[in-house]
Amino acid sequence: MIQQQYTKKLSLIKLGLVAALLLLQQFSYAQNSSVVRIVRNFDDNWSFVQQDAAGAEKVDFDASKWKKLSVPHDWSIEGAYDKANPTARGGGYLPAGIGWYRKSFSLDEAMAKQKISIEFDGIMANSDVYINGFHLGKRPYGYISFNYDLTRHLNFGKGKTNVIAVRADNTVQPASRYYTGAGIYRHVRLVAKDLVHLEDWGVYIATEDATTAKATVKIQTSVVNETSKATVITVETSVIDGDGKVVKTTQTKENVEAGKSFQFKQDIAVTNPKLWNVETPFLYKTLTKVIAAGKVVDDQLNTFGIRAFKFDAATGFWLNGKNFKLKGVCLHHDGGSVGAAVPLSVWKYRFALLKEVGVNAIRTAHNPVAPEFLDLCDQMGFLVMDETFDTWTAAKNNGEKGYNRFWKEWWERDTRDMVLRDRNHPSIVIYSVGNEIHDDLNSPEGFKKYKDQQDLIHQLDPGKPVTMALFRPANSKVYTNGFAETMDIVGQNYRENELVALHNQKPDLKVIGTENTHVIQQYLALRDNPFMAGQFLWTGFDYLGEADWPQITNSQGLFDRIGSWKQQSLQRQSWWAEKPVVHIVRKEDNAGAGDWINNWTPTDFDTYDDAKVAVYSNCDDVELFLNGKSLGSKPKPADDSPRLWDVTFEKGSIKAVGKNKGKEVATEELKTAGQPTKILLTTDKNKMNNSWDDVVFVKATILDANGNICPNADNLIQFSISGAGVIDAIDNGNVISHEMYKADKRHAYRGVCLANIKGNKIGSIEVKASAEGLSSGTIKLEVIK
């Protein structure tokens with residue numbers, strides 16, 4: 001039951017009488033014993049079946065033989081790859097179908113006078129939700145967060161139970177051009193609040209005027225009175241800094257009619273604020289209390305950042321008075337081996353790699369992401385282009401039966417819900433309402449579709465610009481028919497020269513690259529044009545789907561699925577990173593054939609003698625050495641292109657030394673590997689929490705006798721685990737591997753394999769990796785709480 005036994009989980013902010021509403025699984029009560037908002041983690045103890053089940057919404061349905069699990073849960077990623085699967089290239093050839101979830105729960109009698117709702121961060125897809133047999137509603141769009149009011153359909157009191165049932169259906173395929181996942185793949189919460197309460201996503205915080213001397217925090221708070229009589233309501237808002245100190249508090253009082261809502265407007269001045277930026281993403285909170293009849297009846301914490309930004313037609317992007325480029329990547333919502341149900345640790349791991357490259361911005365391609373994804377962007381200092389849809393009404397190849405079937409009916413509600421949910425994030429500086437939309441934009445109907453979306457976002461989140469990723473603008477006529485002039489910022493995918501030419505012809509237009517490749521010409525279009533606000537590379541990480549069999553993963557990422565560096569990430573770091581960088585790559589095959597790779601161990605020593613070598617570096621000079629002998633030094637080219645050498649291959653060592661003003665500042669050395677002899681296990685961290693969102697990544701690397709990585713090794717690695725944890729997934733990053741992710745063994749790829757480890761209780765864990773003919777590796781981990 002949801003009772004005061006949970007009060008031991010409270011954390012208090014030093015605000016006198018009222019305890020703060022905090023994280024999932026935590027509950028808050030006013031110290032005068034009046035119950036305020038209760039938020040219960042609703043992820044555990046679900047029953048699941050991967051099939052349609054007639055009558056599964058009914059209370060007395062027998063689900064005793066269904067699988068017991070916790071959500072988030074993506075059942076599609078647990079399936080086998082099959083070229084015949086109807087998801088086809090878009091869905092990565094993984095299974096589609098119907099899944100049912102059921103959960104029983106009880107509620108204390110004292111809660112009968114409260115408003116009870118359930119919040120889903122996302123269900124894929126076409127979800128139907130039932131409470132005690134009553135159909136609450138349907139949401140086609142699998143990426144959207146939504147909630148339902150359960151109050152009128154619940155049973156309260158001892159011995160009485162309630163059943164929530166969810167049907168998720170993605171049988172109609174092909175439904176997407178990229179992998180979607182399936183099921184309740186994001187978090188779920190049960191919320192109890194007073195009949196006088198904050199509306200859903202009802203606190204809006206903006207900091208339009210912000211300097212290091214002073215900032216005005218503008219807060220709009222929507223409160224609804226669902227009682228039967230008019231009520232005098234006071235909204236008290238406190239701004240709290242990152243140390244938990246109350247900066248300032250204000251109160252506003254209004255009489256709110258029965259059944260009506262009212263928007264309270266408050267301005268709070270903050271002197272000498274710490275500004276949010278990409279280097280030091282300082283965060284504040286507001287604690288909002290709703291007071292009626294002298295009691296706190298609702299409360300909520302919201303995180304925000306104090307910052308001021310703008311896009312300028314001549315000079316691009318500015319944040320807090322500083323002009324710089326948005327160095328962005330596009331990211332799909334999957335996390336590789338975990339599918340669409342992505343633990344937060346996966347994003348932390350990936351975001352850290354992007355930071356290392358020099359990335360400072362993310363485009364959510366091409367749909368709303370999980371709310372904790374944006375929380376992490378706030379915390380780690382990434383600027384965000386928040387995107388709504390991949391299609392409007394016109395279908396796209398390999399996704400003909402997708403959201404285009406629902407856009408006309410649902411775009412307004414889905415857009416509204418996304419913007420209301422996301423608008424307080426300081427990371428978000430721009431919205432996009434579409435990616436390469438195929439609707440006719442050379443028509444009044446096309447103009448209206450865009451304008452309606454732009455106007456809605458301006459209404460909900462004034463001050464933030466709206467764009468869309470234009471597709472082949474020369475064909476759609478948007479640069480000549482006046483469409484571009486209606487956009488806050490003109491966004492275009494690829495064809496950078498067209499965008500540059502547009503601005504040169506119409507210098508009052510603001511422009512940004514919404515999707516870009518890794519080639520140097522596109523990099524220079526950003527570097528050499530002050531008006532170009534930024535670019536978003538396609539993509540940050542390889543992602544599931546959008547690939548032709550036998551490939552099951554799109555391989556255009558800076559990093560592969562497990563976070564291994566690739567040619568394009570090494571080069572991009574030399575262009576975007578602030579620190580000195582030097583990286584060596586060579587053509588994989590003889591005499592300039594094949595891909596650029598970062599090792600000095602050919603697959604065939606007998607046929608490899610003419611090595612084409614490139615060095616990516618931002619250093620003034622780079623000198624290359626082969627087995628200690630200098631092959632010469634080369635200065636930095638004006639266009640930042642790589643420095644090239646023709647090298648007659650020799651076993652041993654190749655080393656690059658980068659110098660600035662004659663001083664050595666960066667080096668990289670690659671060594672020829674011998675025969676594989678052993679497995680080395682390493683990890684990103686040795687301790688974890690017993691939490692669904694916490695994961696430790698254990699990397700198995702195959703080494704020779706001298707400790708050199710064997711990049712051509714593909715041994716089958718068997719993982720085993722003992723103690724307080726489980727193997728959640730295994731991957732190697734190979735885009736043509738069809739091995740199962742939910743397994744305990746996988747072949748190495750380029751000498752590496754990665755296991756995701758989760759805790760299941762407090763205690764120690766030992767992970768072992770073995771392979772025939774190799775010495776095994778072991779590593780110890782600890783689950784601390």
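Predicted model: local features only at pLDDT ≥ 70, side-chain atom pairs only at ≥ 80, totals over all residues.
Local features need pLDDT of at least 70 and side-chain atom pairs count only at pLDDT 80 or more, while totals for chains, interfaces and linings use all residues. Residues are numbered from 1 along each chain as its sequence is written, and side-chain values use heavy atoms, leaving out hydrogens and water.

**View A. The hairpin of β35 and β36.** Strands β35 (residues 621-626) and β36 (residues 629-635) run antiparallel and are joined by five bridges. Strands are DSSP runs of E, at least two residues; helices are runs of H or I, at least four; both are numbered from the N terminus. Two strands pair if DSSP finds at least two bridges between them. F625 stands opposite S630 in β36. Two residues lie between the strands, and N627 takes a positive phi near 50°.

**View B. Helix α3 packs against helix α4.** α3 covers residues 407-422 and α4 residues 444-460. Their axes, lines fitted to C-alpha atoms over the stretch in contact, are 10 Å apart at an angle of about 25°. The two helices are therefore roughly parallel (angles under 35 degrees). Among the residues that meet are W407, W411 and L420 in α3, and L456, I457 and L460 in α4; contact means heavy atoms within 4.5 Å.

**View C. Helix α2 is mostly covered.** Seven of the ten residues in α2 (371-380) are buried, meaning under 20% relative accessible area with a 1.4 Å probe, protein chains only. They are P371, E372, F373, L374, L376, C377 and D378. These buried residues pack against β22, α1, β23, β24, α3 and β25. G381 follows α2 and has a positive phi, near 85°.

Conventions: Axes fitted to C-alpha atoms, helices over the stretch in contact; angles between N-to-C directions. Parallel < 35°, antiparallel > 145°, perpendicular 65-115°, else oblique. Buried < 20%, exposed > 50% of the residue type's maximum accessible area, 1.4 Å probe, protein only.
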